[in-house]
Amino acid sequence: MAKESAEIYKKEKKPDLKSEFYAASYFDLPEAVTNQTFTHVMMQTSMFYAHHRIDEILSNISKVLQPGGKLVTTDFLKASDTADLTKFMEMNSMPVILSLDEMKAAFLRNGLEYCGGKI
């Protein structure tokens with residue numbers, strides 16, 4: 001679906017809009033991404049499937065963000081341990097879902113500043 005979204009974006013891009021859209025794995029960024037830096041990186045509700053590799057994800061993002069650049073993301077975070085959460089994680093083959101404090105710590109470990117909301 002991400003590749004289709006990228007193609008739609010390219011067809012509908014306005015000439016005065018200075019932005020680019022890439023659909024890629026966090027773990028294997030294409031050269032078109034790694035050969036430049038960005039003022040903003042946006043990810044929407046996708047990291048939670050790989051919270052067990054959060055440092056690798058955030059490290060890769062840090063490498064392509066310009067100094068002072070912003071990571072804009074939405075993601076699921078754990079508010080508490082419940083049977084429903086455990087079942088959800090098992091159904092989706094998710095070894096871990098981070099809490100807000102764990103996510104903030106991961107941002108800091110990877111040179112990013114957390115400016116977000118609360119659970």
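Visitor: Which residues form one aromatic cluster with Phe48?
Guide: This is a predicted model, in which local features need pLDDT of at least 70, side-chain atom pairs count only at pLDDT 80 or more, and totals for chains, interfaces and linings use all residues. Residues are numbered from 1 along each chain as its sequence is written, and side-chain values use heavy atoms, with hydrogens and water left out. Rings of Phe, Tyr and Trp (its six-membered ring) pair if their centres lie within 6.5 Å, with planes under 30 degrees apart counting as stacked, over 60 as edge-to-face and the rest as tilted. The residues that form one aromatic cluster with Phe48 are Tyr49, Phe76 and Phe88.

Visitor: How many aromatic pairs does the structure hold, and what is the angle between the planes of tyrosine 26 and phenylalanine 27?
Guide: The structure holds five aromatic pairs. Tyrosine 26 and phenylalanine 27 form one that is edge-to-face, with 5.4 Å centre to centre and an angle between the planes of 85°.

Visitor: In which sense do strands E1 and E2 pair, and over how many bridges?
Guide: Helices (H or I, at least four residues) and strands (E, at least two) are DSSP runs, numbered from the N terminus, and two strands pair if DSSP finds at least two bridges between them. Methionine 42 stands opposite valine 72 in E2. E1 (residues 38-44) and E2 (residues 65-74) pair in the parallel sense, over six bridges.

Visitor: Which residues touch the most other members of the largest nonpolar core?
Guide: A nonpolar core is a set of buried Ala, Val, Leu, Ile, Met, Phe, Trp, Tyr and Cys residues joined through side-chain atoms within 4.5 Å. Of the 19 residues in the largest one, those touching the most other members are Leu58 and Leu71.

Visitor: Is serine 99 buried or exposed, and which residues is it in contact with beyond its neighbours within four places in sequence?
Guide: Serine 99 is in the loop between helix H4 (83-91) and H5, and it counts as buried because its relative accessibility is 18%. Contact means heavy atoms within 4.5 Å, and, leaving aside neighbours within four places in sequence, serine 99 is in contact with Leu77 and Lys78.

How values were computed: Buried means under 20% relative accessible area, exposed over 50%, partly exposed in between (1.4 Å probe, protein chains only).
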